[in-house]
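Q: Could you walk me through this structure, feature by feature? I would like to learn how to read each one.

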Amino acid sequence: MELQQTTTFNIQVALFFSTPQNKLEKHTFSINETFENKFDMPPTVLPVPGDDQLQEVPVVTLRSSDGTTLTLARARVDLTVAGQGVQELKDVMPGVKREIEKLCEYLLRNSIGIKRIGFVVRHFVRTDKPATDIGSLLGKKITDFHNNDFVDAAIRLINRTKLFGFETNNWSSFEIFSANIAGQGDGLIGMLITRDFNTVPEQDYSDKINNESISSFLDAGEKKQELSKILTMLYGDKSKK
């Protein structure tokens, strides 16, 4: 197994509303003004019915030419920032936090409460044999059962932890992925490692979530990525080169 390269593929921050929001179309232009008209591509507005099971389906989608996407659903808003070439998370996070601060201020200014936070980082690991690499994380009994010869593999693990005082799902997943990386090429084969921290859905933190607590949650989630530890598990000391 040989590690070739790692990069931050994208970062997603989700803020879940305290109460469902209707008439999201009215926010299309005002929220873009809050972002200093960053979203320079035509917005997409979909006529999503107000059914309970569709509360998290995006109604409004705003996109920028630099790869940033903002989606507004009745139950949540998501900001997704695409990586720009080969980048480390520490280089991307300051900009993400500035954008989330703008978003949080907009929501609170419009009396839209936030009850949950989600923070997702997707790391792309370029490797020639992603299925074998993922399989190496499994126990010997199951890998021997498949003769240590894999054409596909995926792992998902979730436990619960405390993150800045919030009861939080701590999610790790590993899957085969084909990525387009600026300056490196398109259709690059490798592994997508997803680290997802989200406050538990059964807990309403509306009285504790504000700009400061969101920033602290993101800081704590960034520290808990532990990508170097994961890479060492996969590739040993080779990952430290």
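Q: Let's begin with Arg116: in which strand is Arg116 found?
A: Arg116 sits in strand E6, residues 114-126. Helices (H or I, at least four residues) and strands (E, at least two) are DSSP runs, numbered from the N terminus. The model is a predicted one, where local features need pLDDT of at least 70, side-chain atom pairs count only at pLDDT 80 or more, and totals for chains, interfaces and linings use all residues. Residues are numbered from 1 along each chain as its sequence is written, and side-chain values use heavy atoms, with hydrogens and water left out.

Q: Which side chain of opposite charge is nearest to Arg116?
A: A salt bridge needs a side-chain nitrogen of Lys or Arg within 4 Å of a carboxyl oxygen of Asp or Glu. Lys and Arg count as positive and Asp and Glu as negative, while His and the chain ends are not counted. For Arg116 the nearest is Glu56, 5.2 Å away, and Arg116 is buried yet has no salt bridge. Buried means under 20% relative accessible area, exposed over 50%, and partly exposed in between (1.4 Å probe, protein chains only).

Q: What polar partners does the side chain of Arg116 have?
A: A polar contact is a pair of N or O atoms within 3.5 Å; within protein, one must be able to donate a hydrogen and the other to accept it, and residues adjacent in sequence count only if both atoms are side-chain atoms. The Arg116 side chain makes one of 3.2 Å with the side chain of Asn198, and one of its polar atoms lies 2.7 Å from the backbone oxygen of Thr199.

Q: Which residues touch the most other members of the largest nonpolar core?
A: A nonpolar core is a set of buried Ala, Val, Leu, Ile, Met, Phe, Trp, Tyr and Cys residues joined through side-chain atoms within 4.5 Å. Here the largest has 40 residues, and Leu15, Leu103, Leu107 and Ile214 touch the most other members. Helix H2 gives the most to this core, nine residues. A second, separate core of 14 residues includes Ile134, Phe150, Ala153 and Phe174.

Q: How many aromatic pairs does the structure hold?
A: A pair of aromatic rings is described by the distance of the centres and the angle of the planes. Rings of Phe, Tyr and Trp (its six-membered ring) pair if their centres lie within 6.5 Å; planes under 30 degrees apart count as stacked, over 60 as edge-to-face and the rest as tilted. The structure holds six such pairs. In one of them, Phe9 and Phe177 have ring centres 5.2 Å apart and planes at 75°, so the pair is edge-to-face. Phe9 lies in strand E1 and Phe177 in strand E8 (residues 166-181), so this pair ties together parts 168 residues apart in sequence.

Q: How many salt bridges are there?
A: Side chains of opposite charge can pair when their charged atoms come close. The structure holds 11 salt bridges. Among them, Glu99 and Lys38 meet at 3.4 Å, N to O. Glu99 counts as buried because its relative accessibility is 12%, whereas Lys38 is partly exposed at 21%. Lys140 and Asp144 form another, with closest N and O atoms 3.1 Å apart; both lie in helix H4 (residues 140-145), four residues apart, about one turn of the helix.
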